[in-house]
2 protein chains.
Amino acid sequence: MELAEARLKFIEAWGKLGSEWGINRTMAQVHALLMISPEALTTEEVMAELSISRGNANMTLRDLIDWGLVEKQHKTGERKEFFYAEKDVWTIARRVAEERKKRELTPIIKILDQLAGVEGDAKDPAYKTFKTTVTDINKLANNVNKTLDTMLKAEENWFFGSILKVFK
Amino acid sequence: MELAEARLKFIEAWGKLGSEWGINRTMAQVHALLMISPEALTTEEVMAELSISRGNANMTLRDLIDWGLVEKQHKTGERKEFFYAEKDVWTIARRVAEERKKRELTPIIKILDQLAGVEGDAKDPAYKTFKTTVTDINKLANNVNKTLDTMLKAEENWFFGSILKVFK
DNA sequence: CTTTATTTTCATTTTTTTTTGAAAGTTTAA
DNA sequence: TTAAACTTTCAAAAAAAAATGAAAATAAAG
């Protein structure tokens with residue numbers, strides 16, 4: 001397989017994976033393109049490579065910056081902005097985990113805390129089932145939360161090494 | 001807060017979480033409803049509780065069955081079908097992990113294996129960056145894969161207990 | 001069989017999400 | 001200043017995803 005073909009396949013696959021996980025396909029594709037680009041790219045280059053509009057490229061790049069996955073660069077003598085993606089895969093994984101934790105896990109734990117406190121008749125099956133389910137989900141969410149905190153502090157080899165060693 | 005209100009909030013929150021993770025909002029809501037229902041429900045009841053159409057309820061329930069989260073039940077003397085959700089939260093988590101692994105992780109690892117094998121000029125920065133990125137993502141994906149295998153076999157307390165103890 | 005209850009399908013409609021592109025805004029440099 | 005280069009915004013359009021509902025299919029009962 002040619003590099004050019006492989007690059008396209010990678011961009012396509014990363015876009016598909018992203019959309020399956022609730023991330024805009026184009027955003028995942030721009031991320032993929034930047035991850036495999038040794039040099040920072042301009043908006044124009046991103047637009048051309050992926051055949052997307054200026055508005056789309058601009059918004060997507062801004063989102064990637066918000067996720068902590070891409071940074072703006074300025075080159076001396078050049079007027080336009082360049083975009084460069086973090087290349088360390090474990091750092092990328094941690095940034096994504098950190099953002100999703102903040103945006104999704106923390107809010108749902110807050111709601112579950114409220115819901116787990118609902119009062120009711122201890123003999124009512126509807127109440128018992130609700131209480132048990134919500135309390136159990138809350139506990140699991142807190143376990144995931146703590147595990148993510150661990151992951152955010154850990155090195156990749158240490159993290160997986162330890163997990164896989166314990167459960168060998 | 002009343003149980004009735006809490007139930008609605010839970011269904012809403014679960015639906016939102018689902019849609020953020022690439023799962024159809026209605027499917028997540030039907031799942032939430034069944035998780036907090038002590039008894040199996042009929043299609044009619046699901047339709048009424050969530051104000052959705054028969055076609056939608058039918059397809060969504062079938063999908064939940066495909067995910068291994070809901071089972072059909074038949075009651076003697078009753079002609080219609082009843083739907084009952086798995087209530088053990090750790091079992092639910094494992095089923096979801098198992099399905100997403102099968103549907104998404106395994107296919108992308110297959111693609112990454114192909115892409116990691118692409119040949120090229122070892123001095124070409126574009127090639128080097130591509131190769132490194134793809135290889136690193138592949139390694140991470142395989143670590144996640146193994147960790148999921150462990151999770152699928154483990155008990156909740158054992159799994160998180162061990163992880164959190166190692167990294168305490 | 002035939003009828004009735006129930007489930008499934010799927011073309012069409014509706015809703016939601018994403019993308020476009022041109023205008024407005026901003027920055028730099030001459 | 002002014003003007004050119006570049007970035008951002010956002011209303012409108014397009015595309016994608018989800019939902020509807022009625023007809024077809026299936027299954028059970030008489």
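Biologist: Is Ser51(B) buried or exposed, and what is its relative accessible area?

Modeller: This is a predicted model, in which local features need pLDDT of at least 70, side-chain atom pairs count only at pLDDT 80 or more, and totals for chains, interfaces and linings use all residues. Residues are numbered from 1 along each chain as its sequence is written, chains are lettered from A and ligands numbered from 1 in the order in which they are written, and side-chain values use heavy atoms, leaving out hydrogens and water. Buried means under 20% relative accessible area, exposed over 50% and partly exposed in between, with a 1.4 Å probe and protein chains only. Ser51(B) falls in the loop between helix 3 (43-50) and helix 4 (54-66) of chain B, and it is exposed, with a relative accessible area of 67%.

Biologist: What is the phi of Ser51(A)?

Modeller: Most residues other than glycine have a negative phi. Ser51(A), in the loop between helix 3 (43-50) and helix 4 (54-66) of chain A, is not a glycine, yet its phi is positive, at about 50 degrees.

Biologist: What is the radius of gyration of chain A?

Modeller: Chain A has seven helices and three strands, taken as DSSP runs numbered from the N terminus (helices H or I, at least four residues; strands E, at least two). The globule rule, 2.2 Å times the number of residues to the power 0.38, is compared with a radius taken over C-alpha atoms. For 168 residues the rule gives 15 Å, so chain A is more spread out than a compact globule, its radius of gyration being 21 Å.
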